[in-house]
Amino acid sequence: MPLTFTPLHDVFAAEVSPVSLRQTFDDHTLAEIRGGMDRFGVLVFRNQEFTDQEEMAFAQRLDGELHAKTGAAALGKSRLGTEAIADISNVSDEGGLLAQDDRKRLYSLGNRLWHTDASFQDPAGRYSMLHARALPPVDADTQFADMRAAYDALDDEMKARLEGLTCHHSIAHSRQTLGFTFSDEELQKLQGAYHPLVRTLKRAGRKSLYLASHAARVMEMSLPEGKLLLWELSQHATHPRFVYSHKWRDGDLVIWDNRATMHRATPFDDSKYKRELRRVTTLDLAEMPAA
């Protein structure tokens with residue numbers, strides 16, 4: 001039976017009809033999901049049951065090779081034993097809540113800034129897949145901004161101004177914005193990467209802004225002018241008409257295209273409530289076929 005995509009926002013994001021992704025192996029259904037990603041940019045799947053290995057295996061079936069160079073790797077080994085699945089949580093190695101001054105917690109506060117996953121690497125991240133494992137009894141939403149619609153809404157003069165511009169993306173930059181400090185050894189592992197400010201999504205046939213908090217500077221402009229431009233574009237792209245807020249339910253899996261969106265976590269009392277999710281991100285390599 002074909003999948004059904006129910007829009008969640010006026011310009012992007014959709015909930016997909018019931019399907020068990022860990023049991024999805026057929027090429028047709030996988031191609032339908034890719035086609036839905038091209039159209040909506042963010043897809044929500046309810047009631048998914050995954051082990052870490054099953055989540056990674058599904059991501060590979062859907063979009064190929066996994067990203068294993070996350071910025072958190074500079075801080076030491078993950079409690080999950082692999083960098084191919086990210087520990088998006090406030091949980092310590094012993095299973096309790098992280099202390100408020102724990103370095104992992106302070107580093108993760110950067111997730112509350114608008115960002116795109118792995119834009120500080122080359123190749124960058126394409127699809128991210130975030131699975132809810134344990135949720136607090138209070139709102140702890142994730143917000144998404146449609147960078148394709150934001151680009152489309154720019155006037156022709158601004159679009160022409162942005163052509164050919166390149167940004168340096170650095171996770172050290174985004175964390176240092178909040179006052180987080182790195183050792184010299186850690187900074188050596190976080191050199192960053194360069195990407196166009198406007199990306200063309202060939203299969204979807206659209207253009208998209210590619211910026212957010214990891215974008216440290218525009219290489220073709222002076223530092224102050226470039227930062228002002230990035231700030232202006234970020235303000236434009238996060239207008240409510242381009243933003244979808246996802247209210248998590250147990251077992252949700254949300255997939256988004258990092259080339260077409262940016263996202264951020266919203267705050268909750270992480271000294272009181274546990275929140276545990278797992279994220280897998282794929283490498284932005286050759287696109288797999290869509291429906």
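What radius of gyration would a compact globule with 291 residues have, and what value does the protein have?

Modeller: This is a predicted model, in which local features need pLDDT of at least 70, side-chain atom pairs count only at pLDDT 80 or more, and totals for chains, interfaces and linings use all residues. Residues are numbered from 1 along each chain as its sequence is written, and side-chain values use heavy atoms, without hydrogens and water.

Because a compact globule with 291 residues would have a radius of gyration near 19 Å, the 18 Å of the protein agrees; the radius is taken over C-alpha atoms, and the globule rule is 2.2 Å times the number of residues to the power 0.38. The protein has 8 helices and 15 strands, which are DSSP runs numbered from the N terminus (helices H or I, at least four residues; strands E, at least two). Of its 291 residues, 54% count as buried, that is, under 20% relative accessible area with a 1.4 Å probe and protein chains only, whereas exposed means over 50% and partly exposed lies in between.

Ala-13, in the loop between β1 (5–7) and β2 (14–16), has a positive phi near 70 degrees and is buried, with a relative accessible area of 0%. Asn-47 likewise has a positive phi, of about 55 degrees; this residue sits in the loop between β3 (42–45) and α2 (52–63) and is exposed, at 65% relative accessible area. Finally, the peptide bond from Asp-122 to Pro-123 is cis, with omega near 5 degrees, and Pro-123 belongs to the loop between α3 (103–108) and β5 (125–134).
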